Amino acid sequence: MTETGLRARILRREMLCGTFVKTPSIEIIEVLAHSGLDFICLDAEHSGFDRARMDSCLAIAKALGLNCLVRVPVGSPSEILKVLDAGASGVVIPHVYSAEKALDVARASRYGHGGRGYAGSTRSAGYATKTMPEVLAMTEDTVVLGQIEEPEGVDDVEAIAATPGIDGLFVGPADLAVGYGETDMNAPIVIDAMRKVGDAAKANSKSAVTFTPNMNNF
């Protein structure tokens with residue numbers, strides 16, 4: 001793992017700032033590369049990133065040295081594989097509601113028996129210019145964030161946070177509010193759930209991550 005890489009910084013629990021990108025435009029990626037943000041996250045779950053536009057945006061981000069995560073639509077091995085092969089710095093996995101799910105997505109995100117499939121001809125492998133040991137070593141820098149957005153995920157959060165290969169827990173306050181039958185992300189039950197997730201992340205030396213609509217929420 002590179003000491004200055006995004007995953008190393010996440011595991012050190014540094015205060016980082018990024019943004020979701022919901023418009024599949026390479027020009028937006030170019031602008032954000034000059035923003036000083038620590039990372040961006042292409043939102044393939046809730047916006048219009050098809051495979052071609054995802055590939056283009058990841059190519060620009062990689063060329064400009066911008067850490068780029070992808071929130072995949074589902075945490076399936078195939079969805080994880082295609083964005084990592086295309087050069088994503090890591091993945092944000094929705095609906096990680098159990099330790100079993102956490103283990104499955106962590107395994108699918110990294111090389112090894114039963115894990116990410118190997119291909120030496122992809123962008124992430126330098127289009128066949130990297131050796132197998134070099135490609136396999138990139139596993140150490142792959143970021144995996146699990147979204148806690150259901151009450152079941154909050155209930156099992158200690159086990160999820162303890163799962164090897166999960167680097168951080170992303171709390172989805174809007175989905176949590178809906179799951180708890182609330183209409184306000186600041187409802188006490190949601191705040192308590194977010195605090196529980198943060199405590200579990202800290203206890204397991206993982207990062208706690210969340211979304212804020214504006215600076216007033218800090």
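Does A44 count as buried or exposed?

Modeller: This is a predicted model, so local features are described only at pLDDT of at least 70 and side-chain atom pairs only at pLDDT 80 or more, whereas totals for chains, interfaces and linings use all residues. Residues are numbered from 1 along each chain as its sequence is written, and side-chain values use heavy atoms, with hydrogens and water left out.

A44 counts as buried, at 15% relative accessibility; buried means under 20% relative accessible area, exposed over 50%, and partly exposed in between, with a 1.4 Å probe and protein chains only. A44 sits in the loop between β2 (39-43) and α3, where helices are DSSP runs of H or I of at least four residues and strands are runs of E of at least two, numbered from the N terminus. Leaving aside neighbours within four places in sequence, A44 is in contact with F49, M54, V70, R71, V72 and P73, contact meaning heavy atoms within 4.5 Å. A44 and V92 are 48 residues apart in sequence, and their C-alpha atoms are 9.9 Å apart in space.

V72, one of the contacts of A44, is also touched by I93, a residue of strand β4. I93 is buried, with a relative accessible area of 0%, and, not counting residues up to four places away in sequence, it touches V72, G75, I80, V105, L145, G146 and Q147. By contrast, I93 and V31, which are 62 residues apart in sequence, lie 26 Å apart, C-alpha to C-alpha.

Strand β5 (residues 143-148) is mostly covered, six of its six residues being buried. In a regular strand the side chains alternate between the two faces of the sheet. Both faces of β5 are covered, with V143, L145 and Q147 buried on one side and V144, G146 and I148 buried on the other. β5 runs parallel to β4 (residues 90-93), to which four bridges join it, two strands being paired if DSSP finds at least two bridges between them. Within this pairing, G90 has V143 as its bridge partner in β5. Four bridges also join β5 to β6 (residues 168-171), again in parallel, and there G146 stands opposite L169.

In soluble globular proteins, nonpolar side chains tend to be buried together. Not counting residues up to four places away in sequence, L169 touches G146, I148, V157, I160, A161, V197, A201, S207, A208 and V209. I160 is also touched by S98, which contacts D156 as well, with the same exclusion of residues up to four places away in sequence. S98 lies in the loop between β4 and α5 (99-108) and is buried, with a relative accessible area of 16%.

T139 counts as buried at 9% relative accessibility, and it touches R7, R110 and Y111, not counting residues up to four places away in sequence.

There remains the open space. The second largest pocket has a volume of about 410 Å³. A pocket here is an open set of points on a 1 Å grid over the protein atoms alone where a 1.4 Å probe fits, with protein on both sides within 12 Å along at least five of seven lines, and lining residues have an atom within 4 Å of a point; points are joined across faces, edges and corners, and the volume is the space filled by probe spheres set on them. Of its 21 lining residues, K62, G87, A88, S89 and D141 are the closest to the centre. α3 gives the most to this lining, with three residues. The lining divides into eight nonpolar, eight polar and five charged residues, where Ala, Val, Leu, Ile, Met, Phe, Trp, Tyr, Cys and Pro count as nonpolar, Asp, Glu, Lys and Arg as charged, and the others, Gly among them, as polar.
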